[in-house]
Amino acid sequence: MHDCDVTQEMLVDLLFDELDEGPRRSLLDDVRVCAGCTEQYRTMTETLRVFDNAADAALPAESFWPGYEERLSVRMAAEIQLSLWQHIAPTERANFNVTILEDDGVARRLIRELRAAALASQLTWPEFKRDPFGFAGRSVTAYTEVAWRFFSERNVALATASSFALIFFIVGGVFALEMMGRSASSTDGAASSDYKFAGWVNNSNIPREQEKPEEGTPGLSKGKGGGSQGEQKRASGGGGGGNQSLLPTSIGKHAPGRMEEQIIAPSVRQPTVENPKLEMSASLKGDPLLIPEDMRHLPFGNPDSLSTTPSDGPGSNGGQGSGSNGGQGSGDGKGYGPGRNGNIGGGDEGYSKGGPSGPNGRGAAPPVDYKRNFRIDEVSRRAIITQKPDPGFTEDARKNGVTGVVRLKAVLSANGTVTQISVIKGLPDGLTERAIQAAQRIRFQPALKDDRPVSQWITLEYNFNIY
Amino acid sequence: MSIESTLREGKQALTSESELIRRAQAGEREAFCQLARLYERRIYALALHYCRRPEDAEDLSQEVWLKAFRAIGGFRQQSGFYTWLRQITINTFLNDRRAETMTRDEVRTRVRVDSLSEMLDETALKPDARHEEAENGFHKMILVERVISALGELTPQQRLVFLLKHREGMTCREIAESVGMSIGSVKKSLFRSVHKLRAEMGVGVVAEDCVVLAAGEDG
């Protein structure tokens with residue numbers, strides 16, 4: 001049965017006369033039965049014939065050869081003159097490979113080598129697939145032979161041996177010098193006699209490896225310290241003020257801390273000096289890193305206040321809050337919060353420096369009171385409500401057609417209960433009570449701050465509609 | 001010519017070659033030059049077809065002779081002189097990159113210019129040149145250009161294998177040993193070379209119902 005693939009695989013043997021007479025005749029018969037294979041064979045034969053014609057025509061004319069021989073003779077003479085040492089041992093020079101120095105760049109040469117490697121692998125892959133072990137064996141044998149041929153050449157052998165000898169002497173020399181140095185130092189009695197045994201060193205006095213400082217943005221993050229001044233410790237101080245108002249301090253932002261003395265105390269009222277020579281803004285005395293400037297367009301006041309009526313608070317001597325002397329908060333001085341004389345953090349005024357910076361957190365200084373209720377933007381993870389019971393409707397409200405929104409404020413406490421429920425906006429006919437009851441049955445996962453469960457303020461809205 | 005006289009001449013030729021080798025090994029340059037005259041055309045032809053540029057062919061073939069000149073002291077006459085010389089040629093070719101440097105367009109331009117000028121000088125411009133001669137010469141020149149250009153489509157290794165097989169008549173086994181390839185790779189290389197040359201030279205058209213596969217090719 002004729003198989004074109006098999007026949008054509010053998011056409012090369014037929015074409016280049018690689019077959020004995022029997023197989024050759026058999027293959028020729030096989031070729032003749034197929035028009036395609038016959039055409040293949042014919043065109044391949046024709047290709048070789050045309051090639052021969054052209055190849056012969058490309059050869060130079062007879063007149064070329066005298067000049068060629070003359071040039072060869074000159075090169076040989078130059079070779080002899082340049083290589084005088086050849087005459088000393090002309091028979092010892094082995095055939096060696098010429099190293100070609102090329103002008104091409106490294107990239108082009110690399111690409112060319114890679115192409116050649118790819119081609120070689122493409123050519124040898126079928127052979128490898130057919131007989132992998134035989135192929136590997138033949139390759140190893142061939143490479144060994146090539147390596148042996150290379151290293152057994154006189155020059156290569158001499159170069160290799162001398163390289164090894166040189167390396168051996170260098171390494172040996174270094175080693176010997178090292179050994180000599182050691183023996184000299186161990187026998188140096190004069191040097192060692194200067195010391196005598198005085199006792200064991202108390203191990204506890206040896207400082208251990210320094211502890212890694214706690215992470216934390218200076219003053220505002222996790223960590224021991226606070227602030228940008230002085231040594232690493234907790235910042236302290238505070239301030240307070242007020243204008244002897246009957247109203248609590250109104251809601252607002254704190255004034256920025258500055259290390260310079262305070263000139264203008266924060267107040268809900270704008271300064272009344274018209275056309276000042278040097279424009280100044282209100283400030284607190286304190287570390288600007290701990291009391292940063294609040295860029296929002298808000299009046300000065302207490303950020304935690306619920307009062308919206310402008311007031312500087314019941315304190316005294318300027319500033320805001322329930323304290324005194326130009327600061328903000330309940331302390332005494334020009335700082336912020338409880339404490340005295342300035343800065344922030346409680347106690348007497350003190351400045352400090354924090355640890356290395358960290359990504360999150362709001363303050364080892366002042367210390368965080370994790371028991372207080374946090375606003376939703378103060379926690380690191382908000383409380384997650386898992387159940388929201390339906391408040392239902394009351395009969396009266398339905399009868400009277402009451403609809404609308406009940407808005408409650410409550411605390412989702414750290415222990416998982418809903419506390420401190422207050423009504424912001426209510427509805428009649430028992431709907432507010434229904435909303436409160438429903439709020440009390442809310443189930444949730446408490447909010448987290450610094451990985452601790454904390455209580456979080458929340459506003460709840462219940463929409464009552466009749467459909 | 002009788003068989004006896006032919007044998008006698010052959011023996012004399014071999015004897016004279018051995019004598020020349022012996023004298024060349026003794027350092028006689030003229031003896032080596034005579035040896036070179038015996039084989040210089042074959043080596044040059046091989047080099048010309050391998051690197052396709054006459055000046056490169058001359059340089060490369062003369063390098064072969066210089067290497068042979070340096071190494072002839074080590075030639076033990078265990079094989080024929082030409083076999084030994086051919087192995088030097090193969091090694092020199094494999095270590096040479098001149099065969100790769102000429103682009104296809106360069107081949108076309110150079111062959112056209114060189115051959116045309118030479119041919120016109122030699123034939124067409126002769127006072128007694130006939131029109132047919134000039135035309136034949138021109139056609140031959142085009143054929144040479146096409147074949148040299150087609151050779152450029154082969155990789156240097158394919159070109160070398162093809163030339164060793166087709167022009168030198170070496171067996172696949174001999175080529176495999178000389179070039180450092182397997183016999184299967186040699187056959188596959190020959191198959192590809194012939195197909196490439198056929199395509200480039202535009203010889204014949206392959207029948208559509210026959211799928212061309214190289215020996216040992218996967219798929």
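**Close-up 1. Helix α4 of chain A, end to end.** In this predicted model, helix α4 of chain A covers residues 35-58. How far should its 24 residues span? At 1.5 Å a residue the answer is 34 Å, and the end C-alpha atoms do sit 34 Å apart, so the two values agree.

**Close-up 2. N341(A) in strand β5.** Here we zoom in on strand β5 of chain A, which runs over residues 340-350 and includes N341(A). The phi angle of N341(A) is positive, about 75°, even though this residue isn't a glycine. Is N341(A) buried or exposed? It has 21 other C-beta atoms within 10 Å, and the cut-off for buried is 20 or more, so N341(A) counts as buried.

**Close-up 3. N343(A), also in β5.** N343(A) belongs to strand β5 of chain A too. This is another non-glycine residue with a positive phi, about 65° this time. N343(A) has 37 C-beta neighbours inside 10 Å, so it is buried.

**Close-up 4. Chain B and its helices.** How many helices and strands does chain B have? Count 9 helices and 0 strands, giving the pattern α-α-α-α-α-α-α-α-α along the sequence. Chain B has 219 residues, and 39% of them are buried. Take the chain B contacts with a separation of 6 or more: 65% of them link residues 24 or more positions apart.

Terms used
Residues are numbered from 1 along each chain as its sequence is written. Chains are lettered from A and ligands numbered from 1 in the order in which they are written. This is a predicted model: local features need pLDDT of at least 70, side-chain atom pairs count only at pLDDT 80 or more; totals for chains, interfaces and linings use all residues. Helices (H or I, at least four residues) and strands (E, at least two) are DSSP runs, numbered from the N terminus. The expected span of a helix is 1.5 Å times one less than its number of residues. A residue is buried if 20 or more other C-beta atoms lie within 10 Å of its own, exposed if 12 or fewer, and partly exposed in between; C-beta atoms are placed from the backbone. Two residues are in contact if their C-beta atoms, placed from the backbone, lie within 7 Å.
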